[in-house]
Amino acid sequence: MVRAVKKRVVVAFLTIALPLVLGAASYVVRARLPLVLGGHFADGAWGFALGAFVALVWMGEKSSVRALWIAIAATFAAVWECLQYAHVVRGVFDPVDLVVQTSAVLVAAWVVGVIGGMKRWTLESEAR
Amino acid sequence: MDIGKRSALTAIGLVGFGLLAAGSKTKSSTSTTTTTTTSTSVTTTTTTASAKPAPEDVPDPTADYKSLDDAKVDGTKAFGKTILMRAWRGNTDATTTTLFSCGKLGTGGFLTTTYSVDKRALVKAIPPTIPFQGRCPRVVIKITGKETYSTDLKGSIEQILDVTPAEAEKLPPGVDYVSMDDINIDGKKAAGKIAQMKMYRGTTEEKKFTGYPCGKSGGLNFLYVTFTPDQKDTVKDLSQSPSACQQVKVKLTSQQAYSSTWNGALVEVVKE
């Protein structure tokens, strides 16, 4: 049980905290990054962390429930970018960002799903 | 964890991610609270240095274009017209600076601009990288033509807003430069002068090493430093990590013709 919790913390660090840190760091070194990375990496990292967070919270639930929440997270990411277009939130709307961060949510959910599929990673499997 | 708790946690998480995104947009694209100064201006309304309002309170000066793309699609019709853009600067020398538009792919781009001597302090105040905190300053540029071998536009700086003129660096006795930026801006005039900068050591050969200054610079931010056989031990002790920069005094010897890279001779590693 303890080992599973530790592993979940590690997965949370790698899939949530690390992308957020790297995304923030990309602002610092933005000028040295290729334009594609400089403009979209942080948004992708944010989307990835969001998808991973939701997927981790709902890991172990029925796949339909998990899928519903992941869809909500992806919609949240897409709506956030669209709100920039409407000038409701700060920032510049960019269709590439829209694709990048929405896709990143789905990719992260898939990655966490794959990890979650490995029974040894789940709390439930260790508790049995 | 039951579904209720998971739902609550997810909702909190979504709020957190929303705040995080809002925070990052604030850092990457809004203004700081520095005072605003405008240079003398060919354009109309905003010579308001004395009032010092917040940057966002100074209205945009009149300009024909607000993005490089708009100017580019007008082709030669854009020549002679003005463009207002938010910019950071790249390669900078005594009379020219490359300005990069602070925008995302598609709205970005760059152009080489000339500037007059009286604007040097303001040009220096334009951040040499996209600012992590605050927003890129506004610059009004008169488009003067197109680069010979590309479709990129070139122009001259007419007005710089949202920055205070950069103050002269405090120089230790016997030192002429403490930043690579100033060396780049002074160009060949810096030859023969003494620079003292925090730097770390990169590629090292028998008689020279590449020194990487730890401050920011518009343009090249390294120089080749030669050393004598009796300075070998000093060079070996010089940090190779950007996290442990050391004060190094270098005599600037020459600037390479095409690459503008500086060569210098090691004087000493200054003990702190």
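Start by selecting A:Trp46, A:Phe53, A:Phe76, A:Trp80 and B:Phe17: ring pairs link them into a cluster. Keep in mind as you look around that this is a predicted model.

Over all chains, the count comes to 11 aromatic pairs. For one of them, pick A:Trp58 and A:Trp69. Their ring centres are 4.9 Å apart and the planes sit at 15°, so this pair is stacked, since planes under 30 degrees apart count that way. A:Trp58 is in the loop between α2 (35-57) and α3 (63-85) of chain A, while A:Trp69 is in helix α3, so the pair ties together parts 11 residues apart in sequence. Buried or exposed? Both A:Trp58 and A:Trp69 are buried.

Now hop over to chain B and select B:Phe100 and B:Phe110. Here the ring centres are 5.4 Å apart and the planes meet at 40°, so the pair is tilted. B:Phe100 belongs to strand β2 (residues 96-101) and B:Phe110 to strand β3 (residues 110-114), 10 residues apart. B:Phe100 is partly exposed, at 25% relative accessibility, and B:Phe110 is partly exposed too, at 31%.

The charged end of B:Lys208 sits over the ring of B:Tyr224, 4.6 Å from the ring's centre.

Last stop: B:Val267, in strand β10 (residues 262-269) of chain B. It counts as partly exposed because its relative accessibility is 38%.

Technical notes. Residues numbered from 1 in each chain as written. Chains lettered and ligands numbered in written order. Predicted model: local features only at pLDDT ≥ 70, side-chain atom pairs only at ≥ 80, totals over all residues. Heavy atoms only, no water. Helix = DSSP H or I, 4+ residues; strand = E, 2+ residues; numbered from the N terminus. Buried < 20%, exposed > 50% of the residue type's maximum accessible area, 1.4 Å probe, protein only. Phe/Tyr/Trp six-rings, centres within 6.5 Å; stacked < 30°, edge-to-face > 60°. Lys NZ or Arg CZ within 6 Å of the ring centre and 35° of its normal.
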